[in-house]
Amino acid sequence: MITAVPLARRAAYAAAATAFGYAAVSLYWAAGGKAGLSTVGGVAQTMARSGGAAASVVITVTVLLKTAGGLLALAMVMPWGTRLPRRALSVAGLAGSALLILYGAVEVAGEALAETGAIRPSAPDWTALRWHLALWDPWFLVWGLLLAAATLGYRRSAPQVRDPAA
């Protein structure tokens, strides 16, 4: 078992829940669900509605990546995570959190600028833009921040040494 700072431990569980929640939404759409699909807009909406092999592959890869993100967070706090190289988990956590934070922040900033009229999108889908601003892109940002907190706590923690006499 890994000794983690309680806040980092909670962040790891929250990051995993966030990742698995996002994966569940994508899995629902991969299975043909249509509810909420209009809130994503763009290529994602078009692919999911059209179906076909290419859409299935893209959505399946998306579900797998989001699930892997949840497992990465859990690996930092679960006993089975001690079987994985600490350095690899740290690097994956830092890289993943950096990508999620950067993506979420850039998207939210751009959408906020469009919503306030500071910039004008060429062909705006205002419904999707507002959903991305209110839910989808902050979700990436929060996931990234939680994963960063979990990773920093993991890096500061030391693996528990097993007592051979126990």
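Predicted model: local features only at pLDDT ≥ 70, side-chain atom pairs only at ≥ 80, totals over all residues.
Local features here need pLDDT of at least 70 and side-chain atom pairs count only at pLDDT 80 or more, while totals for chains, interfaces and linings use all residues. Residues are numbered from 1 along each chain as its sequence is written, and side-chain values use heavy atoms, with hydrogens and water left out.

Helices are DSSP runs (H or I, at least four residues), numbered from the N terminus. Helix H1 (residues 6-30) and helix H5 (residues 126-156) have axes that come within 8 Å and cross at roughly 145°; axes are lines fitted to C-alpha atoms over the stretch in contact, and angles run from 0 to 180 degrees between N-to-C directions. The crossing is left-handed (the near helix is turned anticlockwise from the far one by less than a right angle). Contact means heavy atoms within 4.5 Å. Residues making this contact include Ala 8, Tyr 22 and Trp 29 of H1 and Trp 136, Trp 143 and Gly 153 of H5. By class, the contact has 17 nonpolar, three polar and no charged residues (Ala, Val, Leu, Ile, Met, Phe, Trp, Tyr, Cys and Pro count as nonpolar, Asp, Glu, Lys and Arg as charged, the others, Gly among them, as polar).

Helix H2 (residues 42-50) and helix H3 (residues 52-75) also have axes within 8 Å, crossing at roughly 125°. That makes H2 oblique to H3 (angles under 35 degrees count as roughly parallel, over 145 as roughly antiparallel, 65 to 115 as roughly perpendicular and the rest as oblique). Their crossing is left-handed. Met 47, Ala 48 and Ser 50 in H2 meet Gly 52, Ala 54, Ala 55, Val 58 and Ile 59 in H3, giving six nonpolar, two polar and no charged residues.

Ser 90 lies in helix H4 (residues 86-116). Not counting residues up to four places away in sequence, Ser 90 touches Thr 151, Tyr 154 and Arg 155.

Note on methods:
Helix = DSSP H or I, 4+ residues; strand = E, 2+ residues; numbered from the N terminus.
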